[in-house]
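Subject: Structure handover

Hello,

Here is the structure for you to look at. My notes on what was found in it come below.

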Amino acid sequence: MASQKFDQIDLQILAELQQNGRMTNVELAQMVGLTAPPCLRRVRALEESGVIRSYHADLDAAKLGYGITVFAMVSLRSQAESDLKSFEDYVGQLPEVRECYMLNGEIDFLLKVVARDLQSFQSFLTAHLTSAPNVTSVKTSLTIRTAKQLSGIPVES
């Protein structure tokens with residue numbers, strides 16, 4: 001998919017909103033050197049085009065009782081498109097699975113899973129992942145610490 005062309009102001013708007021999606025339109029306009037109405041038009045255009053997908057709060061998992069993060073590497077019996085889609089739909093319904101990536105190579109999917117503790121992850125693993133239709137193997141890696149965690153993407157202006 002080809003990327004869209006953005007001018008300097010669009011890139012500034014994206015960078016500022018990625019840093020702080022709660023700022024007012026007036027604050028954003030001041031930061032990027034526009035008045036409020038044209039700034040709002042630009043933001044709405046970026047939203048409507050799908051470049052800005054959503055606004056959300058970044059929550060602290062540990063403070064909410066999710067003490068561990070695990071990466072699960074899942075291999076499927078079949079890589080037929082319908083089977084891949086079925087697995088994606090299945091994990092899409094599991095709230096513990098926070099991210100799901102289809103990969104090229106030996107592993108079909110990489111999942112980021114959160115759990116309250118090791119015992120609850122083990123229960124989740126056996127009840128939902130290893131027993132899922134078409135799954136042949138699940139390899140897991142428990143994270144020890146997070147050295148870097150940035151949301152969004154680099155926006156170069």
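One term before the notes: contact means heavy atoms within 4.5 Å. Helices (H or I, at least four residues) and strands (E, at least two) are DSSP runs, numbered from the N terminus.

This is a predicted model, in which local features need pLDDT of at least 70 and side-chain atom pairs count only at pLDDT 80 or more, while totals for chains, interfaces and linings use all residues. Residues are numbered from 1 along each chain as its sequence is written, and side-chain values use heavy atoms, with hydrogens and water left out.

**Overall layout**

The protein has 5 helices and 4 strands. Along the sequence they run α-α-α-β-α-β-β-α-β. The protein is divided into domain 1 (8–49) and domain 2 (61–142); these bounds come from an automatic or database domain assignment. The domain centres, taken over C-alpha atoms, lie 36 Å apart.

The C-alpha trace spans about 55 × 40 × 25 Å along its principal axes. The radius of gyration of the protein is 20 Å, whereas a compact globule of 157 residues would have one near 15 Å. That radius is taken over C-alpha atoms, and the globule rule is 2.2 Å times the number of residues to the power 0.38.

Buried means under 20% relative accessible area, exposed over 50%, and partly exposed in between (1.4 Å probe, protein chains only). Of the 157 residues, 26% count as buried. Among contacts with a separation of 6 or more, 63% come from residues 24 or more positions apart.

An unreviewed UniProt entry carries the annotation "domain: HTH asnC-type" over residues 6–67. UniProt positions are given in the numbering used here, feature names are shortened, and annotations may be inferred rather than shown by experiment. Over residues 6–67 the chain is 53% helix and 0% strand. The end C-alpha atoms of that stretch are 40 Å apart.

Start with α3 (residues 36–48). C39, V43 and L46 are the buried residues here. Seen down the axis of α3, the buried residues fall within an arc of 60°, so they line one face of the helix. The arc is that of the directions from the helix axis to the C-beta atoms. R41 and E48 are exposed on the other side of α3. What covers the buried residues of α3? The cover includes α1 (8–19) and α2 (25–32). After α3 comes G50, with a positive phi near 90°.

Now α2. Its buried residues are L28, A29 and V32. Down the axis of α2 they fall within an arc of 100°, so they too line one face of the helix. They pack against α1 and α3. G33 follows α2, and its phi is positive, near 80°.

S75 is in strand β1 (residues 68–76). S75 is buried, with a relative accessible area of 11%. Leaving out residues up to four places away in sequence, S75 touches E106, I107, D108, N134, V135, T136 and S137.

N134, one of those partners, sits in the loop between α5 (118–129) and β4 (135–142). Its phi is near 75°, a positive value in a residue other than glycine. N134 is buried too, at 17% relative accessible area.

Strand β2 (residues 97–102) holds V97. V97 is buried, with a relative accessible area of 10%. Not counting residues up to four places away in sequence, V97 touches V91, L111, K112, V113 and F124.

Is M102 buried or partly exposed? At 47% relative accessibility, M102 counts as partly exposed. Beyond its neighbours within four places in sequence, M102 contacts L84, E88, D108 and F109. M102 and F121 are 19 residues apart in sequence and 21 Å apart in space, C-alpha to C-alpha.

Best regards
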